[in-house]
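Subject: Structure handover and notes

Hi,

Here is the structure I promised to pass on. My notes follow below it.

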Amino acid sequence: MIEVKHLYKKFGELQALDDINLTVNDGDIVCLIGPSGSGKSTLCRCIHGLETAEKGEVYLNGELMDPKNKTKYIEQRKKMGFVFQHFNLFNNKTVLENCMLAQTTAGIPKKQAEETAKMYLTKVGLSDKYDAFPSKLSGGQKQRAAIARALCMNPEMMLFDEPTSALDPEMIKEVLEVMKDLGRQGMTMIVVTHEMGFARKVGNRVIFLDSGKIVEENTSEDFFAHPQTDRAQDFLNKVFYE
């Protein structure tokens, strides 16, 4: 579904991505893990088009995502839902209005947009929060609303950029449960995460990055049981210290 070829990205003197090559197949749940500053979020944002790489190519379903081909590029990006670390909900709109906005902007009739929004808000357990404003929601509820908003555009795949890192510990589980449910339904997902339990149990592949490079890639089971590189082993030892 997604193919990344020789992707490079710099921020000033920092080489954020250094010759990244990656394939994500239909139905994959790929977890991007690694230390802070390793390039995980930058890779996720470059795939979606929120950041522009200096070099390299991203293909969606075998077709090049080319920003110069504006009309096609916009349509391609619509096929990828994106969930941000800090929710990015509009505080002056209700939860229902947040979920309707992108739909109506895309020309979907208001009644249809409302029905779709209510369906996905119900799926993420927010059927009682249609008229609530984001300021009245917990962090976990805000993130579930953000997931519902992304799903309203009927994406073929979802990208999550550290969706639980801004949450209190007791709120993390409710968001991860929604993501697990999406996985059970067959949604293709790329997840930037520090939640090793999620990567281990829900992800079917793990990609470990460090200093802008893919250091190791494997099935989740094999990565956690038998890391192949000293760098990955050192990372896991620190994460799972006793």
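Helices (H or I, at least four residues) and strands (E, at least two) are DSSP runs, numbered from the N terminus. This is a predicted model, in which local features need pLDDT of at least 70, side-chain atom pairs count only at pLDDT 80 or more, and totals for chains, interfaces and linings use all residues. Residues are numbered from 1 along each chain as its sequence is written, and side-chain values use heavy atoms, with hydrogens and water left out.

**Backbone points**

Asparagine 61 sits in the loop between strand 4 and strand 5 (63-64). Its phi is positive, about 50°, although asparagine 61 is not a glycine. Asparagine 61 is partly exposed, with a relative accessible area of 41%. On that scale, buried means under 20% relative accessible area, exposed means over 50%, and partly exposed lies in between (1.4 Å probe, protein chains only).

Histidine 6 also has a positive phi without being a glycine, near 50°. Histidine 6 belongs to strand 1 (residues 2-11). Its relative accessibility is 45%, so histidine 6 counts as partly exposed.

**Helix 4**

Helix 4 covers residues 110-123, and its 14 residues should span 20 Å at 1.5 Å a residue. The end C-alpha atoms are 20 Å apart, which agrees. The expected span is 1.5 Å times one less than the number of residues.

The buried residues of helix 4 are Ala113, Thr116, Ala117, Tyr120 and Leu121. Seen down the helix axis, they fall within an arc of 130°, so they line one face of helix 4. The arc is that of the directions from the helix axis to the C-beta atoms. An α-helix has 3.6 residues a turn, so residues three or four places apart point the same way.

What do the buried residues of helix 4 pack against? Their partners are helix 3 (95-105) and helix 5 (139-151). Contact here means heavy atoms within 4.5 Å. After helix 4 comes glycine 125, with a positive phi near 80°.

**Helix 6**

Helix 6 (residues 169-184) has 16 residues. From first C-alpha to last it reaches 23 Å, close to the 22 Å expected at 1.5 Å a residue. Its buried residues are Met171, Ile172, Val175, Leu176, Val178, Met179, Leu182 and Gly183. Down the axis of helix 6 they fall within an arc of 155°, so they line one face. Glu170, Lys173 and Arg184 are exposed on the other side of helix 6.

The buried residues of helix 6 pack against strand 3 (29-33), helix 5, strand 7 (157-161), strand 8 (188-192) and helix 7 (196-201). Just after helix 6, glycine 186 takes a positive phi of about 95°.

**Two side chains to look at**

Arginine 144 is in helix 5. It is buried, at 11% relative accessible area. Leaving out residues up to four places away in sequence, arginine 144 touches Val124, Gly125, Leu126, Glu174, Val175 and Val178.

Lysine 129 lies in the loop between helix 4 and helix 5. At 22% relative accessibility, lysine 129 counts as partly exposed. With the exclusion of residues up to four places away in sequence, lysine 129 touches Val95, Leu137 and Gln141.

**Pockets**

A 1 Å grid over the protein atoms alone was used. A pocket is an open set of points where a 1.4 Å probe fits, with protein on both sides within 12 Å along at least five of seven lines; lining residues have an atom within 4 Å of a point. Grid points are joined across faces, edges and corners, and a volume is the space filled by probe spheres set on the points.

The largest pocket holds about 580 Å³ of space. Its lining has 19 residues, with His48, Met80, Phe82, Ala102 and Met153 nearest the centre. Helix 2 (70-78), strand 6 (80-83), helix 3 and helix 5 each give two or more residues to this lining. Helix 3 gives the most, with four. By class, the lining has eleven nonpolar, five polar and three charged residues. Ala, Val, Leu, Ile, Met, Phe, Trp, Tyr, Cys and Pro count as nonpolar, Asp, Glu, Lys and Arg as charged, and the others, Gly among them, as polar.

The second largest pocket has a volume of about 250 Å³. Of its 15 lining residues, Ala53, Gly56, Val58, Met65 and Pro67 are closest to the centre. Strand 4 (55-60) gives the most to this lining, with three residues.

Best wishes
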